[in-house]
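Visitor: I'm new to reading structures. Could you walk me through this one, feature by feature?
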There are 4 protein chains.
Amino acid sequence: SRFEYVRDFEESDAVMKQCFIVLRIDGSNFHRFSDKHGFVKPNDERALLANRAAHGVMQIMPDCTIAYGQSDEYSFVLRPDTTVHGRRRQKLVSLAVSKFTAVYQFYWAHFFPETALLYPPAFDGRLVLYPSDKILRDYLAWRQVDCHINNLYNTTFHSLIQKQGLTASESEKRLSKTLSKEKNEILFQLGINYNDEKDIFKKGSVLIGAENRKENEGEIDLWEAQSSEESKHLQKRQVLVLHVDIIKDPFWQRYPNLLLPLEEVKKARKRQLQTDCNKKNNEYLFILVFYHALVFVILDFNIIRKSKTQKRANALYYCSSSRQAHLNMKILDSDHRSIQLYFHISIRPRALRQLGAACHLPYHQF
Amino acid sequence: SRFEYVRDFEESDAVMKQCFIVLRIDGSNFHRFSDKHGFVKPNDERALLANRAAHGVMQIMPDCTIAYGQSDEYSFVLRPDTTVHGRRRQKLVSLAVSKFTAVYQFYWAHFFPETALLYPPAFDGRLVLYPSDKILRDYLAWRQVDCHINNLYNTTFHSLIQKQGLTASESEKRLSKTLSKEKNEILFQLGINYNDEKDIFKKGSVLIGAENRKENEGEIDLWEAQSSEESKHLQKRQVLVLHVDIIKDPFWQRYPNLLLPLEEVKKARKRQLQTDCNKKNNEYLFILVFYHALVFVILDFNIIRKSKTQKRANALYYCSSSRQAHLNMKILDSDHRSIQLYFHISIRPRALRQLGAACHLPYHQF
Amino acid sequence: SRFEYVRDFEESDAVMKQCFIVLRIDGSNFHRFSDKHGFVKPNDERALLANRAAHGVMQIMPDCTIAYGQSDEYSFVLRPDTTVHGRRRQKLVSLAVSKFTAVYQFYWAHFFPETALLYPPAFDGRLVLYPSDKILRDYLAWRQVDCHINNLYNTTFHSLIQKQGLTASESEKRLSKTLSKEKNEILFQLGINYNDEKDIFKKGSVLIGAENRKENEGEIDLWEAQSSEESKHLQKRQVLVLHVDIIKDPFWQRYPNLLLPLEEVKKARKRQLQTDCNKKNNEYLFILVFYHALVFVILDFNIIRKSKTQKRANALYYCSSSRQAHLNMKILDSDHRSIQLYFHISIRPRALRQLGAACHLPYHQF
Amino acid sequence: SRFEYVRDFEESDAVMKQCFIVLRIDGSNFHRFSDKHGFVKPNDERALLANRAAHGVMQIMPDCTIAYGQSDEYSFVLRPDTTVHGRRRQKLVSLAVSKFTAVYQFYWAHFFPETALLYPPAFDGRLVLYPSDKILRDYLAWRQVDCHINNLYNTTFHSLIQKQGLTASESEKRLSKTLSKEKNEILFQLGINYNDEKDIFKKGSVLIGAENRKENEGEIDLWEAQSSEESKHLQKRQVLVLHVDIIKDPFWQRYPNLLLPLEEVKKARKRQLQTDCNKKNNEYLFILVFYHALVFVILDFNIIRKSKTQKRANALYYCSSSRQAHLNMKILDSDHRSIQLYFHISIRPRALRQLGAACHLPYHQF
Ligand SMILES: Nc1nc2c(ncn2[C@H]2C[C@H](O)[C@@H](COP(=O)(O)OP(=O)(O)OP(=O)(O)O)O2)c(=O)[nH]1
Ligand SMILES: Nc1nc2c(ncn2[C@H]2C[C@H](O)[C@@H](COP(=O)(O)OP(=O)(O)OP(=O)(O)O)O2)c(=O)[nH]1
Ligand SMILES: Nc1nc2c(ncn2[C@H]2C[C@H](O)[C@@H](COP(=O)(O)OP(=O)(O)OP(=O)(O)O)O2)c(=O)[nH]1
Ligand SMILES: Nc1nc2c(ncn2[C@H]2C[C@H](O)[C@@H](COP(=O)(O)OP(=O)(O)OP(=O)(O)O)O2)c(=O)[nH]1
Ligand SMILES: O=P(O)(O)OP(=O)(O)OP(=O)(O)O
Ligand SMILES: O=P(O)(O)OP(=O)(O)OP(=O)(O)O
Ligand SMILES: O=P(O)(O)OP(=O)(O)OP(=O)(O)O
Ligand SMILES: O=P(O)(O)OP(=O)(O)OP(=O)(O)O
Ligand SMILES: [Mg+2]
Ligand SMILES: [Mg+2]
Ligand SMILES: [Mg+2]
Ligand SMILES: [Mg+2]
Ligand SMILES: [Mg+2]
Ligand SMILES: [Mg+2]
Ligand SMILES: [Mg+2]
Ligand SMILES: [Mg+2]
Ligand SMILES: [Mg+2]
Ligand SMILES: [Mg+2]
Ligand SMILES: [Mg+2]
Ligand SMILES: [Mg+2]
């Protein structure tokens, strides 16, 4: 129609290439929302609902390798070379925030079975660019330090109210200008060791996406699905939930691929594969690090085959309390579409027990 | 913390002043969504749910004077001099799309009582600027022409399938390269007069906000509230739903304030007020235009008082089938917070009957 | 080459359609430049050099209808529907500022025959968008008010120094917090009537482009050309220099086309033409307004011919001291490429004398 | 004034932090300009004028560490953490392009003593961001490869015309679809070894800024100044001109600081200094690399003194044909503002002779 010229007023808003894209979502007026819905103070474990919503966003953003959430906010990090939605700013922001909002509400009843949703919660969103992995890590550190500061404050604030009967304004006054150390001491006097607080509150939540989609169907399902449609959707991509420090180096050494361009991950994968196959005679030894309180294993095998000799096997393995385990893996035989594997795991007994049903060991046929 | 510098990477994204802001929201992959949830083809009246969601957006965007919706999309027009959220692009887009998503889901069960929501629906959003009211009207015309074209096509397409037993691809073939006129003829041969189709489908939905908020509590409630929290929220702002032509002039003559800067509306209001009070001796005569099929009245009184002589009374009045009515209004008496009014309405009997319970006439005490 | 991907990092920076484009150029550190080159204080008439530079910019920006200059700055206004250089911000800014810089230097010796250029002067530039003619006029008013305020201040400041022997700091002190009125009084006491100051300093310079290019070769040359190459270039487009008020309405009534979209100018032109030809039987009467101190005539004829009957002739005519003249013009005969015209000018004798050689009247053959 | 609100329509256009800023300037319609002014084909050595203009830009952009020029274009690279002009895009582009234009014209007569400037040349400009040094190097490589391709083509094209009497179109035809190798062969048959062509044409020009300004006054002056004002200006910053490969690693190993953030350069400098002073007992040994055909030395000493023990001495040293020289430097004595140095250079005789007058060795008193 003769009106179509108005379309040209839409500006192109593709963001700069090769920069990390961070999408940050924050609850709109969640002070009121948490109040009206009786959220436990200072932290409500049902707020795990936010992790579920974040998981939903990760499903539609395949290049989001890591997400970090705390309080009423969530940050999603996309690889620097992502081309999803043409890197269009408004598409990315609006779809992420809409998906987050929708999934949050969809699973409300599941996480808050006894609290009716009084009114629909809304979120704001923004996209921020970071040119280097160094600065990107500083971004995540900024959010996690923020989590720590607020959580220490809130914990002390509410302890003073709940355990010492102070009013809100007395508690606020008491804490004004106190340093971290002093807050820790106040807590200690109230019989609380801040270190014993739950990691999910002290550290926030870290989501990392498994590298290969459409695998491990039938494996560990991190989330219970509400309906068949939604569950199809969920299985697209495995996502791990951690509550760990992401400021210091160990986390990033543990997951060295998170901040790499996809291009480089692919190259590295190919390179590593060839090395492994040639040098190690089809036998793999994985040094596993027990990292946090929840235990699960994702076995993530993928076979890329240009010639018969190219094979690939990854194993992501998580278990409790930061000890080491050894996973020895040998390729016994393989044809074009399957690979037979032998696993030997040397692992401390307690950890083994925890692994339990989750792990289809020692033999596994694909 | 030493990480706070990362905040500076957020760019300021306030959009150009004095331009109309259009926020357009569109269902993400609604082809699948309407399919999976068995939407009636080509048009499902339950899609009025979208109007409800749009109403939610209008509540958080007080400077949105008009919104237009059709198919899976909705456009919101903000006055050119709005300063809401500092005119920040991403704030506006994300909050609008989040609110829309949230309210859509919140009222799902109300509009689709027999269809469970299988998975959470998402929407994309964008902000477009238009420098003049002329171009802004062309924008809305573009959307309404789009509505017409698609609706005529879809109606014919599905009629051929439903009434003549054609397959989808046969129907598509039959319609390829046909002009509007030919589609009308095909429909006519199938016993359908396209003009008799419902306006809501032919014209889409036009929402216009009543000018003054926090008034008319207890008056006509356009929407049933689901919960007390949500209903508080709803009563903030009255919104009218029309299904009328917005391409030609009459609509814009009928609502001359929609595209004015707020500044000018205020000035005009003040000017008119003084004129009215001085010249007409506290007696008002409103010429009312019967405009469309639904009938309701919004009585919108507001008293601005610098001196005792400044009074103001607006009456928005809508009724059916585009005939005229006369509303004569006289200020009988007033004190600081209330105003007593006498109404006389000369109106055709049938219209009067339709007004029914909605109208607390002939006397109304505030 | 494999490096070409870096090209994609160039962002598209086309500015919003249908908005007026203003390019403002300002001398970089002209405090020093005017000092080192001994500019007369407060105003140096040789600064007309800037007008020449601005004329150069108007040659490469055909859609620049009006430019305004004062002190070390110049603003160029482009029609809202210009598509020059794809409305790319950086192209427009850089070409304008480069051209301005280059022409300024090129004609330096011509305007400052006794002062060697000590070092190359530089300018900064920026592009600003304005959505409506109302705001655009406010922009130009902003610059002209700025001119007035600074000029009144500077004139008084330097008069106190030159006529009363004050030091710079004494003069500054004397003027601090004085209103316009008080400055006028101070000047009056020093024997200066500010109203008698030259318009070029009180009002700045206004350039307006003749509507049709590549005409009038051999006609009045506003600028003396330095070389044949440059003079070819200059004759592309006639430009008028005025020193008049552009804040109030008369100027804009006098030149009603300056702020119209080209589209509308064309339509209006066509409409007017047809009217003229039909109704006035090929005879034109122009009411001419004597506008300012310089006298010249631009005869701007253009023939657009779809059929034999469509002819067109415009005459822009300017002369001194704001009196009226009448220009009667009759189309005597015409073939495909030429048009014979008869002019009769009824004009006050003094003005006629001023017109002198510039005007090839009464007969002119193209 | 009441018009000042229009100022708010200026958008803030500061570019993203921590990204490399590239300013690229390109001659506007230089096809015509080089033609009209009789530039030698394919390359005119007088085009060194462009280097002079680029030098002017480097004076006003202290964070520009490297610039690269070829044909009618020049690229300027600013350190990623520069804050010059608040990183405002239009300020940077306009000032750079204006300065370039101005200096180009200012020195025209110096470089083209026998050719009058027929009309003022103009340039366009743009700012492009690059997030990493890897991509930045690819950018420069892109321009240098472009230089090579065009130069090989042009050299062959004009040789066919000049040596074999082909017409322009015959020559074009002959070269269409030829590979580099074939062009080299054609040249060889015409008695030209492309490798013997001048580096300035094969490689373009690389400008690198000496790290410390306001030093070395009285030392080697790369440019002859036209006037005292301009020469003051020139001495602000020493700039080296090279015609070398910047695609491969050696260049970047030779100048490791060019792409570092200023922050890191400062840190490194401090660190190195302390190491040097402590470990080497005030004696410095510099391994110098003979790099290209022009020979000169810049001795760049700077003393930063928090305590008496902190001293610093840099020596930039360039000579011909890529061989090594050793520069041994010992701090003999120093007071607050001066430093006495002893230099011993072990150097191949021929190179030494080339150093000639330029080098105030073996003793130098500051
Ligand atoms: N009681 C309780 N409150 C929470 C919890 N998580 C978040 N909140 C609340 C505490 C804060 O008031 C609020 C988050 O603070 P924000 O700075 O985001 O402010 P708010 O969302 O109110 O306003 P905004 O629209 O973001 O500017 O959410 C929780 O687990 N328990
Ligand atoms: N059956 C039915 N379908 C509808 C109704 N309203 C909208 N739809 C469907 C028809 C279209 O397939 C779809 C809207 O088309 P779009 O161009 O927005 O595409 P879609 O949302 O599938 O993809 P997108 O993510 O927007 O690119 O929504 C309705 O009332 N009944
Ligand atoms: N004596 C004299 N000075 C003039 C004349 N026209 C302009 N100027 C000088 C006066 C001001 O110092 C200067 C313009 O002021 P600006 O605000 O543009 O500052 P300036 O150019 O020094 O710095 P900038 O780089 O624009 O921030 O130019 C003139 O005709 N005569
Ligand atoms: N004869 C000769 N020509 C040169 C020399 N250096 C540059 N040129 C000319 C050759 C090209 O026609 C022109 C540069 O090509 P461009 O692609 O920049 O095109 P041009 O500047 O004509 O148009 P533009 O405004 O940049 O789009 O400059 C030289 O040393 N000698
Ligand atoms: O909480 P943030 O980081 O969003 O910061 P803010 O102070 O809420 O600011 P805004 O949401 O308005 O950007
Ligand atoms: O339907 P629209 O107008 O959004 O247009 P589109 O073709 O879907 O394009 P986009 O990728 O901008 O949503
Ligand atoms: O003189 P202006 O209007 O350019 O304003 P300014 O104060 O010089 O500011 P800038 O040139 O830095 O935008
Ligand atoms: O020569 P470039 O790189 O500037 O590329 P172009 O094809 O001239 O394009 P433009 O100058 O219009 O960006
Ligand atoms: Mg916020
Ligand atoms: Mg919040
Ligand atoms: Mg928050
Ligand atoms: Mg779309
Ligand atoms: Mg859609
Ligand atoms: Mg749609
Ligand atoms: Mg300025
Ligand atoms: Mg200036
Ligand atoms: Mg100025
Ligand atoms: Mg170009
Ligand atoms: Mg060029
Ligand atoms: Mg070029």
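Visitor: How far is an oxygen atom of ligand 2 from a polar backbone atom of B:Asn29?

Guide: Keep in mind that this is a predicted model. A polar contact is a pair of N or O atoms within 3.5 Å. Here the distance from a ligand 2 oxygen to a polar backbone atom of B:Asn29 is 2.7 Å. For B:Gly27, a polar backbone atom is 2.9 Å from an oxygen of ligand 2. The side chain of B:Ser34 takes part too, with a polar atom 3.4 Å from a nitrogen of the ligand.

Visitor: How much of the accessible area of ligand 2 does the protein cover?

Guide: On its own, ligand 2 has 630 Å² of accessible area, and the protein covers 65% of that. The shell holds four nonpolar, seven polar and four charged residues.

Visitor: Now the metals. Which residues are the protein donors of the magnesium ion (ligand 17)?

Guide: They are C:Asp26 and C:Asp72, at 2.1 to 2.2 Å from the ion. C:Asp26 sits in strand β1 of chain C and C:Asp72 in the loop between β2 and β3, 46 residues apart. C:Asp26 also bridges ligand 17 and another magnesium ion, ligand 16, with 3.5 Å between the two ions.

Visitor: And what rotation superposes chain A on chain B?

Guide: Two copies of a chain are related by a rotation about an axis and a shift along it. In this case the rotation is 180 degrees and the shift is 0.0 Å, with an RMSD of 0.0 Å. That is the relation of a two-fold axis.

Technical notes:
Residues numbered from 1 in each chain as written. Chains lettered and ligands numbered in written order. Predicted model: local features only at pLDDT ≥ 70, side-chain atom pairs only at ≥ 80, totals over all residues. Heavy atoms only, no water. Least-squares fit on C-alpha atoms with pLDDT ≥ 70 in both. Donors = N, O, S within 2.8 Å, 3.2 Å for Na, K, Ca; no water. Helix = DSSP H or I, 4+ residues; strand = E, 2+ residues; numbered from the N terminus. Polar contact = N/O pair within 3.5 Å; in protein donor to acceptor, adjacent residues only side chain to side chain. Areas by Shrake-Rupley, 256 points an atom, 1.4 Å probe, with all protein chains shown as cover. Nonpolar A, V, L, I, M, F, W, Y, C, P; charged D, E, K, R; others polar.
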